[in-house]
Amino acid sequence: MENDGRRKFLGVCLAGATTVAVAAAAYPVLQYLAPRSGAQGADKLVFATTDIPEGEAKFFEYAGAAAVLVKTKSGNIAALSAVCTHLGCIVQWEKDKQDFICPCHGGLYSAEGAVTGGPPPKPLAKIPVSVAEGKITVG
Amino acid sequence: MALLKRVYDWIDLRIGAREIVKKELTGYLLPRNINEWYSLGSVLMVIFALQVLTGMLLMVYYVPDAEKAFRSVTFVMNELPYGWLIRLCHAVGSNMMVAVLILHMLSTLMMGSYKSPRELNWVSGFTLFALVQGISLTGYLLPWSQLSFWATTVATNSANAIPVVGPYLVEFLRGGKLVGPPTLGRFFAVHVAVLPVVIAAVIGAHLFLLKRTGISTPPFGSLETKKPWRPDSYSYQHHPGGIPFFPNYALQDLTSICVYFAIFLAVVFFLPNMLFTPDAFVPANAFKTPAHIKPEWYFLANYQTLKIFPSELLGLSIQAAAMTFLALLPFIDRSPERHPLKRPVFLACAIGGILLWIGLSVWGHFS
Ligand code: FES
């Protein structure tokens with residue numbers, strides 16, 4: 001009986017030490033593999049108004065994700081997330097139709113990002129944008 | 001606990017797990033006078049597993065491209081959280097593996113366990129020794145530092161001394177006339193894809209041979225009733241009345257593994273720069289050979305041997321002869337006596353050989 005008690009005690013100690021050792025090894029490995037925060041790019045971007053002709057779109061990276069700047073034929077400027085709200089493909093600009101199409105499942109969005117057809121459940125997210133003195137500031 | 005037992009019962013019913021445990025663990029009997037040296041094989045398996053694991057982690061960020069390799073290693077060391085730990089474990093571990101490998105060899109050498117019927121165990125073990133040296137040599141180039149670059153230049157260059165095929169062999173090893181980006185490509189492939197798999201397979205063969213022959217009885221202490229092996233028919237060497245592998249010897253294995261980790265981690269944490277000379281922190285430059293380029297410690301004896309002989313071919317041949325002699329030792333030293341003190345000629349040669357190796361290494365270090 002006494003022997004059993006000791007055996008159990010030593011077993012618990014061994015299991016405890018093993019758990020601590022595993023945790024001590026797992027922590028650095030998880031830190032090592034964790035995605036790097038702060039490596040997501042700038043949160044403010046400046047373009048010259050001459051960068052985008054009317055009726056065209058310019059794709060760029062914003063806060064670690066794809067974004068798009070459009071200037072409609074009427075001269076309206078909008079900055080939108082280019083990530084389709086359905087399953088995350090990147091939308092494409094159709095210059096002739098002045099809208100966005102998602103190549104994955106045919107989602108359609110207007111130049112302002114509103115859903116006009118297909119499966120997307122939500123409009124494209126808007127990114128704050130301001131125009132002043134020939135400069136477009138995104139973010 | 002009850003659930004665990006039910007899962008175990010379920011598995012046992014299908015594959016006879018209890019039978020395996022009884023046969024391979026609790027009923028696997030080892031000689032009563034077994035000693036600590038027999039646990040070095042287990043330590044080596046743990047080291048190899050750790051090398052594979054840390055190697056996989058390094059591959060997440062390492063870029064095998066001559067333009068980017070050095071930067072990627074610097075990034076792992078200086079910028080990634082705990083990247084230094086992973087890299088040092090891999091670099092220190094490779095050195096430790098060679099060291100423990102040498103101890104394991106010396107113990108089987110001193111206890112004469114390489115003798116009949118365990119010749120194949122020795123030969124497979126010696127193969128592993130050569131393969132581990134190969135994986136160390138190829139890994140050494142990957143950081144693409146001045147040290148990597150020039151150590152590899154010198155190492156591959158020594159094949160030049162081989163008559164007829166030498167110069168072509170050097171070019172083949174390097175993938176070009178000189179060490180350069182093609183060398184990195186082939187060394188990387190050999191280091192991460194070829195040798196780990198080959199080593200794992202040879203470890204498997206080594207263990208298989210061990211299982212078929214049975215573990216040897218140490219020549220010291222209270223010997224079991226002696227029943228010499230006879231070369232007329234196959235028989236597994238049983239150890240009736242011995243101690244079970246589990247839990248008794250598993251505890252010894254675990255103890256040795258803990259002692260190993262204490263030493264290993266002490267180096268990783270307190271002497272991390274022991275392995276690195278200043279040239280290890282400078283990116284490779286093919287137009288600038290650093291002043292004192294030396295191989296890793298376990299190649300220093302080979303390095304010095306090449307240096308002291310006037311002809312490279314002679315130096316190389318002597319090394320090849322020594323390696324062949326060691327590889328074939330069980331077929332040369334055939335007396336059945338295993339106690340080192342009862343083999344004075346062997347003991348004298350062994351100690352002489354070890355001292356010579358140490359002497360050459362020290363000389364190589366200071367020359
Ligand atoms: S992901 Fe865009 S429509 Fe499905």
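Trainee: Let's start with two helices. Is the crossing of helix 5 of chain B and helix 6 of chain B left-handed or right-handed?

Mentor: Keep in mind that this is a predicted model. The crossing of those two, helix 5 and helix 6 of chain B, is left-handed. The contact is made by B:Met97, B:Val98, B:Leu101, B:Ile102, B:Met105, B:Thr108 and B:Leu109 on the helix 5 side, and by B:Trp122, B:Phe126, B:Leu128, B:Phe129, B:Val132 and B:Ser136 on the helix 6 side.

Trainee: And at what angle do helix 5 and helix 6 of chain B pack?

Mentor: Two packed helices are described by the angle between their axes and the distance between the axes. Here helix 5 (residues 83–110) and helix 6 (residues 119–141) of chain B pack at about 160 degrees, with axes 11 Å apart. Over 145 degrees counts as roughly antiparallel, and helix 5 and helix 6 of chain B are therefore roughly antiparallel to each other.

Trainee: Now rings. How many aromatic pairs does the structure hold?

Mentor: Over all chains, 21 aromatic pairs. Take B:Tyr114 and B:Trp122: their ring centres are 5.4 Å apart and their planes sit at 55 degrees, so the pair is tilted. Both B:Tyr114 and B:Trp122 are buried.

Trainee: What about charges over rings: which residue lies over the face of B:Tyr28?

Mentor: That's B:Lys211, at 3.9 Å from the ring centre of B:Tyr28. Look at B:Phe172 too, where B:Arg186 lies over the face at 5.5 Å from the ring centre.

Trainee: Next, burial. Which residues of helix 11 of chain B are buried?

Mentor: In helix 11 (residues 300–308) of chain B, the buried ones are B:Leu300, B:Ala301, B:Tyr303, B:Gln304, B:Thr305 and B:Leu306. These buried residues pack against helix 12 (312–327) and helix 14 (344–366) of chain B.

Trainee: Is B:Asp12 buried or exposed?

Mentor: Buried means under 20% relative accessible area. B:Asp12 has 17%, so B:Asp12 is buried. You'll find B:Asp12 in helix 1 (residues 2–15) of chain B. Leaving aside neighbours within four places in sequence, B:Asp12 is in contact with B:Ala17 and B:Arg18.

Trainee: Last one, a strand. What is A:Val46 in contact with, leaving aside its neighbours within four places in sequence?

Mentor: A:Val46, found in strand 1 (residues 45–48) of chain A, is in contact with A:Lys135, A:Ile136 and A:Thr137 on that basis.

Conventions: Residues are numbered from 1 along each chain as its sequence is written. Chains are lettered from A and ligands numbered from 1 in the order in which they are written. This is a predicted model: local features need pLDDT of at least 70, side-chain atom pairs count only at pLDDT 80 or more; totals for chains, interfaces and linings use all residues. Side-chain values use heavy atoms; hydrogens and water are left out. Rings of Phe, Tyr and Trp (its six-membered ring) pair if their centres lie within 6.5 Å; planes under 30 degrees apart count as stacked, over 60 as edge-to-face and the rest as tilted. Buried means under 20% relative accessible area, exposed over 50%, partly exposed in between (1.4 Å probe, protein chains only). A charge sits over a ring if NZ of Lys or CZ of Arg is within 6 Å of the ring centre and within 35 degrees of the ring normal. Axes are lines fitted to C-alpha atoms, for helices over the stretch in contact, and angles run from 0 to 180 degrees between N-to-C directions. Helices (H or I, at least four residues) and strands (E, at least two) are DSSP runs, numbered from the N terminus. Angles under 35 degrees count as roughly parallel, over 145 as roughly antiparallel, 65 to 115 as roughly perpendicular and the rest as oblique. A crossing is left-handed if the near helix is turned anticlockwise from the far one by less than a right angle, and right-handed if clockwise. Contact means heavy atoms within 4.5 Å.
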